[in-house]
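Please open the model in a viewer and keep a selection tool at hand.

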Amino acid sequence: MSDFGTGERIIIVGGGGFGRELVSHVGDTHRAGMAPPLGGYLDDAGDVMAAFGHYGHVAFLGRLDDYQPRPGDLFTLAVGAPRTKKAIAERLKIRGARFATIVHPSAITSPTCRMGEGVIVGTHAGPGVDTVLGDFVTLNSYSGVGHDASIGDYTTISGHVDVTGGTRIGEGVFIGSNASILPRVKIGDWANVGAGSIVYRTIRAGSTVYAPPAKLLKKGQLALAPDPAVRKPDGAGSRFP
Ligand SMILES: CC(C)(COP(=O)(O)OP(=O)(O)OC[C@H]1O[C@@H](n2cnc3c(N)ncnc32)[C@H](O)[C@@H]1OP(=O)(O)O)[C@@H](O)C(=O)NCCC(=O)NCCS
């Protein structure tokens with residue numbers, strides 16, 4: 001991605017831990033010629049980076065609702081929670097905002113991966129062949145997405161996650177660190193997958209699962225049809241009824 005225009009700049013939305021990580025992420029990507037320079041950050045809580053003492057080079061641009069997007073601004077959302085990400089994206093879209101897709105230069109990205117707007121691909125992440133990352137997907141550091149997998153809009157995949165081939169991850173899903181999603185599994189919209197889970201069969205929309213192998217912690221309200229292509233391990237029965 002080197003087709004950014006003159007006068008474009010990246011604005012980070014959120015000055016928390018993820019926002020501070022994005023400062024170096026955007027810097028690395030810019031130095032590699034793959035993104036415009038950093039223009040500053042927004043945060044409703046004020047200049048929260050100032051407390052750290054070493055972010056003086058990052059301009060605090062104000063609160064989200066007080067900021068009027070300029071023509072060259074490209075926003076990136078430093079937000080992990082999918083619902084918050086969606087709410088903020090909608091607040092900005094109604095003001096005509098445009099969003100950057102920022103792929104760290106250390107990521108190994110297949111040329112046949114298709115990405116939407118507002119995507120963040122972290123350090124050493126690996127979106128594989130013929131994968132689809134929807135709008136505002138966050139694929140954090142060291143996480144892989146196997147061939148033909150698709151990831152729905154607003155989904156956040158934490159660090160060191162293995163999304164294997166042919167999986168279908170819905171919209172607004174949160175996948176915790178070090179989880180493994182086995183081949184061809186479907187995960188319904190707005191589901192949560194706990195850190196370290198091994199997900200071996202379909203998860204209903206809105207459900208929360210955790211642990212290896214993943215057990216149901218909270219049942220979602222929306223049903224997702226079981227995928228007959230997904231083999232149940234012996235005795236797995238109805239862990240995700
Ligand atoms: C699964 C998860 C979403 C559940 O959160 P929660 O609804 O607040 O659940 P709680 O913390 O109350 O835990 C409920 C029970 O599940 C257990 N549990 C929670 N997460 C677990 C996990 N990932 N693996 C194994 N057990 C887990 C807790 O020990 C607790 O057990 P208990 O009832 O016997 O005490 C959360 O624990 C998690 O794993 N989030 C992912 C965090 C992450 O990876 N973030 C990315 C970095 S920013």
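A residue is termed buried if 20 or more other C-beta atoms lie within 10 Å of its own, exposed if 12 or fewer do, and partly exposed in between, with C-beta atoms placed from the backbone. Helices (H or I, at least four residues) and strands (E, at least two) are DSSP runs, numbered from the N terminus. Residue numbers start from 1 along each chain as its sequence is written. The model is predicted: local features need pLDDT of at least 70, side-chain atom pairs count only at pLDDT 80 or more, and totals for chains, interfaces and linings use all residues.

**The whole chain**

Of its 241 residues, 43% count as buried. Two residues are in contact if their C-beta atoms, placed from the backbone, lie within 7 Å. Among the contacts with a separation of 6 or more, 32% are made by residues 24 or more positions apart.

**Strand β3 and its sheet**

Select β3 (73–77). Five of its five residues are buried, and the strand is thus described as mostly covered. In a regular strand the side chains alternate between the two faces of the sheet. On one side of β3 select D73, F75 and L77, and on the other L74 and T76; all are buried, and both faces are covered.

Two strands pair if DSSP finds at least two bridges between them. An open sheet of four strands has the order β2-β1-β3-β4, with parallel pairing. Its edge strands are β2 (38–42) and β4, each of which pairs on one side only.

The pairings may be inspected one by one:

- β1 and β3 run parallel and are joined by five bridges; I10 has L74 as its bridge partner in β3.
- β3 and β4 (residues 98–99) run parallel and are joined by two bridges; F75 stands opposite F99 in β4.
- β1 and β2 pair in the parallel sense over four bridges; the bridge partner of I11 in β2 is G40.

**Helix α2**

Next select residues 82–93, which form helix α2. The expected span of a helix is 1.5 Å times one less than its number of residues. For the twelve residues of α2 this gives 16 Å, and the end C-alpha atoms are 16 Å apart, which agrees.

Which residues of α2 are buried? They are P82, K85, I88, A89 and L92. Viewed down the axis of α2, these buried residues fall within an arc of 125° (the arc of the directions from the helix axis to the C-beta atoms), so they line one face of the helix. They pack against β1 (9–13), β3, β13 (156–157) and β16 (174–175). The face turned away from the buried side carries the exposed residues R83 and E90.

**The ligand**

The surrounding residues are G80, S158, G176, S177, N192, G194, A195, G196, T208, Y210, A211 and L217. This shell divides into four nonpolar, eight polar and no charged residues. Here Ala, Val, Leu, Ile, Met, Phe, Trp, Tyr, Cys and Pro count as nonpolar, Asp, Glu, Lys and Arg as charged, and the others, Gly among them, as polar.

**The five-stranded sheet**

Move to a second open sheet, of five strands, with the order β8-β11-β14-β17-β20 and parallel pairing. β8 (126–127) and β20 (198–199) stand at the edges, each with a single partner strand, so one side of each is left without a neighbour in the sheet. Within this sheet, β11 (residues 144–145) and β14 (residues 162–163) pair in the parallel sense over two bridges, and G144 stands opposite D162.

**Two loop residues**

Select G128, in the loop between β8 and β9 (132–133). G128 is partly exposed because 19 other C-beta atoms lie within 10 Å. G128 and G144 are 16 residues apart in sequence and 7.3 Å apart in space, C-alpha to C-alpha. Leaving aside neighbours within four places in sequence, G128 is in contact with S110, C113, G144, V145, G146 and H147.

Finish at H124, in the loop between β7 (120–121) and β8. H124 has 16 C-beta neighbours inside 10 Å and therefore counts as partly exposed. Not counting residues up to four places away in sequence, H124 touches S106, A107, S141 and Y142. From H124 to H160 the separation is 36 residues in sequence and 9.7 Å in space, C-alpha to C-alpha.

Definitions and conventions:
Near = placed C-beta within 6 Å.
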